[in-house]
Protein chains: 2
Amino acid sequence: MLLNDRAAAYGDGLFETIAIRDGEPRFWPLHVARLQSGCLRLGIPCPSDEALRADLGSAIDGSTISVEYATAKLVVSAGNGPRGYRRDPAADAIVRVGIFPAAVLATTQYREGVATRLCATRLAAQPQLAGIKSLNRLEQVLARSEWSEPDIFEGLMLDTDKRLICGTMSNVFIATQSSLATPAITRCGVSGIMRRHVLRLLQDAGIDCVVRDIQVDELASADEVFLTNSQFGILPLRQCADLQWNVGAITQQAQKLLAANGVPECAA
Amino acid sequence: MLLNDRAAAYGDGLFETIAIRDGEPRFWPLHVARLQSGCLRLGIPCPSDEALRADLGSAIDGSTISVEYATAKLVVSAGNGPRGYRRDPAADAIVRVGIFPAAVLATTQYREGVATRLCATRLAAQPQLAGIKSLNRLEQVLARSEWSEPDIFEGLMLDTDKRLICGTMSNVFIATQSSLATPAITRCGVSGIMRRHVLRLLQDAGIDCVVRDIQVDELASADEVFLTNSQFGILPLRQCADLQWNVGAITQQAQKLLAANGVPECAA
């Protein structure tokens, strides 16, 4: 009964949104690592890597839509239990997998960037949930409901102390001539798979990127801003409200690195 | 498909836990008012009072357990939608109702009080979600998972600034010889049905109860502490960690008022 499923009752669970390319999950080890870390932090018994991969494989094999270029959603619910916040210590996690059509972005979005807005909905500081992709996502839902204009690709979100944290479904990087930085995800926000992959690529390429607190004012002094997400890779930001940026050398270099390391879309 | 249900995907919805007594929902108007207010704040199209009451009535009529003394759980999901945080503007809310056995408390719990602990899990300040009973309840789940001792009835929760806010599933009132107060539910916490009912009863009886910020230190100087909840009414608190309180005249008076106004259990 759905009323007993803790994901549906309390948002008690986690999820991953995984790019499927040529029938295979992209960056599977990164997704599994985040999921297992999230389960550990929430106290949810996490299925093994092999079991999760088998569930995903079955969904891919049984998909009624093409898995050449698709998006998988993998949800881990804390399981079934009696009414009340207390979990049944004997309950097993429940895994649900669905295969969805993937959004295909235009070349111009990769080359010329996308427009965003600054969301009024703020992210609350809750270190116990920061970084993980839990099923408690009302803040993102409220932020995303703030606009319906199709030309606004994403909304940037601040925490309650006006720090820039992320987009509703992406992470953000800001660059000046001399520095590259991305917000720390220690109080709120989701630590994205693509953010982690890009940070690693930059490091390996000898490009310094600092993970730190970023005040919203820094957007105005940034020379370049870009977004990361597991589905699209890197997209330059050309606008947020009345601020505008050019697509610059740092963003293009990061896209080039990414295109050569698992995300060919970025060479669009 | 469950993956498309926004309650299961993002905790995008609200719920009510309603005492069923002699086959009828107790304090139905208060539950409906909170649910409708929550839907309005979250932008979820709320079914009408009549439609919700009909769904509850069907569940009561079809219940396989006795509805003389039971608990109904009524969940409103924001509905089905495509993958992603953006809601389908055309989606209708989905209502789910279940009837569960109600906990029957011992007379000694009403007369001598219950023991609590102070939870390490803090409530994040998020005014946009404060007061409503949304399906984003991981903080309560984590707090409730902190203990398994059966003699600990409830856990008290603080916000990130060390203010006393509530229990995991109850509201809290503290009294000294000269004052009675309950925490403001403006930054976090759930504004309980029984809390509202008790506040009204106290007001009607000419007893001042102040709704204000309460620092955790005030627990140590309190003469009496009690909990409210839609199922049990009022329970005195006799202990929280190393603090102890007697069951005093204010708590007993509140229980007496409540017993005469809809919650006869409190006369136990």
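Modeller: A residue counts as buried if 20 or more other C-beta atoms lie within 10 Å of its own, as exposed if 12 or fewer do, and as partly exposed in between. The model discussed here is a predicted one.

Colleague: Is B:Gly57 buried, exposed or partly exposed?

Modeller: B:Gly57 belongs to helix 3 of chain B, residues 49-61. A residue with 20 or more neighbours would be buried, and one with 12 or fewer would be exposed. B:Gly57 has 14 C-beta neighbours inside 10 Å, so B:Gly57 is partly exposed.

Colleague: How far apart in space are B:Gly57 and B:Val210, C-alpha to C-alpha?

Modeller: In sequence, 153 residues separate B:Gly57 and B:Val210. In space, the C-alpha to C-alpha distance between B:Gly57 and B:Val210 is 37 Å.

Colleague: Is A:Phe27 buried, exposed or partly exposed?

Modeller: A:Phe27 is placed in the loop between strand 2 (24-25) and helix 2 of chain A. Although A:Phe27 is not a glycine, its phi is positive, at about 55°. Because 19 C-beta neighbours lie inside 10 Å, A:Phe27 is classed as partly exposed.

Colleague: Is A:Ala241 buried or exposed?

Modeller: The loop between strand 12 and strand 13 (243-244) of chain A holds A:Ala241. Its phi is positive, near 50°, in a residue other than glycine. Since 11 C-beta neighbours lie inside 10 Å, A:Ala241 is classed as exposed.

Colleague: How does helix 2 of chain B lie relative to helix 6 of chain B: roughly perpendicular or oblique?

Modeller: Helix 2 (residues 28-42) and helix 6 (residues 193-204) of chain B have axes 10 Å apart and an angle of about 120° between them. Angles of 65 to 115 degrees count as roughly perpendicular, and those over 145 as roughly antiparallel. The angle between helix 2 of chain B and helix 6 of chain B therefore makes the pair oblique.

Colleague: Which residues of helix 6 of chain B meet helix 2 of chain B?

Modeller: Helix 2 of chain B passes helix 6 of chain B in a right-handed crossing. By class, their contact has 2 nonpolar, 2 polar and 2 charged residues. From helix 2 of chain B come B:Leu30, B:His31 and B:Arg34, and the residues they meet in helix 6 of chain B are B:Ile193, B:Arg196 and B:His197.

Colleague: How many nonpolar residues has the contact of helix 6 of chain B with helix 8 of chain B?

Modeller: The axes of helix 6 and helix 8 of chain B are 10 Å apart, at an angle of about 100°, and the two helices are therefore roughly perpendicular. B:Val198, B:Leu201 and B:Leu202 of helix 6 of chain B meet B:Ala254, B:Leu257 and B:Leu258 of helix 8 of chain B. By class, this contact has no polar residues and no charged residues; its nonpolar residues number 6.

Colleague: How far apart are the end C-alpha atoms of helix 6 of chain B?

Modeller: Helix 6 of chain B has 12 residues, and at 1.5 Å a residue it should span 16 Å. The expected span agrees with the distance between its end C-alpha atoms, which is 17 Å.

Colleague: Which residues of helix 6 of chain A are buried?

Modeller: The buried residues of helix 6 of chain A pack against several elements of chain A, including helix 2 (28-42), strand 8 (171-175) and helix 8. Helix 6 of chain A is followed by A:Gly206, whose phi is positive, near 80°. The buried residues of helix 6 of chain A are A:Ile193, A:Met194, A:Arg195, A:His197, A:Val198 and A:Leu202.

Colleague: Which residues of helix 8 of chain A make the contact with helix 6 of chain A?

Modeller: The axes of helix 6 (residues 193-204) and helix 8 (residues 249-259) of chain A come within 10 Å and cross at roughly 100°. That angle makes helix 6 of chain A roughly perpendicular to helix 8 of chain A. Helix 6 of chain A contributes A:Val198, A:Leu201 and A:Leu202, and helix 8 of chain A contributes A:Ala254, A:Leu257 and A:Leu258.

Colleague: Which element gives the largest share of the side of chain A that touches chain B?

Modeller: Between the chains, 40 residues of chain A are in contact with 40 residues of chain B. Helix 1 (6-10), strand 3 (69-77), strand 4 (94-101) and helix 5 (138-144) of chain A each give two or more residues to this side. The largest share, 5 residues, comes from helix 5 of chain A.

Technical notes
Residues numbered from 1 in each chain as written. Chains lettered and ligands numbered in written order. Predicted model: local features only at pLDDT ≥ 70, side-chain atom pairs only at ≥ 80, totals over all residues. Axes fitted to C-alpha atoms, helices over the stretch in contact; angles between N-to-C directions. Helix = DSSP H or I, 4+ residues; strand = E, 2+ residues; numbered from the N terminus. Parallel < 35°, antiparallel > 145°, perpendicular 65-115°, else oblique. Left-handed = near helix turned anticlockwise from the far one by under 90°. Contact = placed C-beta atoms within 7 Å. Nonpolar A, V, L, I, M, F, W, Y, C, P; charged D, E, K, R; others polar. Expected span 1.5 Å × (residues − 1).
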